[in-house]
Amino acid sequence: MAAALAEARAAPAHGDVPVGAVLVGPDSTVVARAHNERERRQDPTAHAELLALREAAAARGTWRLSGCTLVVTLEPCPMCAGAAVAAQLDVVAFGAPDPKAGALGSLYNLGADPRLNHELTVIDGLRAEECGRLLTEFFAARRA
């Protein structure tokens with residue numbers, strides 16, 4: 001989570017919401033890391049999770065990322081949770097819950113839906129207070 005938090009802290013420099021993601025391979029090495037870049041790229045899909053998944057797939061030479069774990073500072077939205085399922089990840093671990101858009105437990109639980117072709121393990125609450133504080137401070141500064 002420390003690496004994901006470091007990524008999240010880089011996002012506000014270009015006006016993006018501080019969310020960071022790291023993809024860890026089966027051997028516990030970091031395969032990819034990213035932070036939100038929607039504002040920077042003017043791309044609605046440039047969420048930290050998707051950018052990390054794309055980088056990991058390129059590095060591994062396959063879209064199948066089974067055996068990998070995605071660590072992200074904020075609970076993934078439906079788009080990102082769906083991508084985690086499609087990538088066949090084993091685990092998604094996140095920090096702060098997202099009561100407005102969370103799709104791995106808060107509003108939906110795409111990781112445990114037996115109707116989908118893959119299920120994954122979800123670990124929530126990793127350094128949740130620290131992850132949440134980054135978001136709270138970011139939005140407070142924008143409203144000031």
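R127 is partly exposed, with a relative accessible area of 40%. In this predicted model, R127 forms a salt bridge with E130, and the closest N and O atoms of the pair are 2.8 Å apart. Salt bridges with shared partners join R127, E130 and R9 into one network. The count of salt bridges comes to six.

- The relative accessible area of E130 is 22%, which places the residue in the partly exposed class.
- R9 is likewise counted as partly exposed, at 46% relative accessibility.

**The pair R41 and E37**

- A salt bridge links R41 to E37, with 2.8 Å between the closest N and O atoms.
- E37 is buried, its relative accessible area being 11%, a value that falls in this class because buried means under 20%.
- R41, by contrast, counts as partly exposed at 47% relative accessibility.

- E130, at 22% relative accessible area, is partly exposed, whereas E37, at 11%, is buried.
- The cut-off explains this assignment, because partly exposed covers the range between the buried limit of 20% and the exposed limit of 50%.

Notes: Residues are numbered from 1 along each chain as its sequence is written. This is a predicted model: local features need pLDDT of at least 70, side-chain atom pairs count only at pLDDT 80 or more; totals for chains, interfaces and linings use all residues. Side-chain values use heavy atoms; hydrogens and water are left out. A salt bridge is a side-chain nitrogen of Lys or Arg within 4 Å of a carboxyl oxygen of Asp or Glu. Buried means under 20% relative accessible area, exposed over 50%, partly exposed in between (1.4 Å probe, protein chains only).
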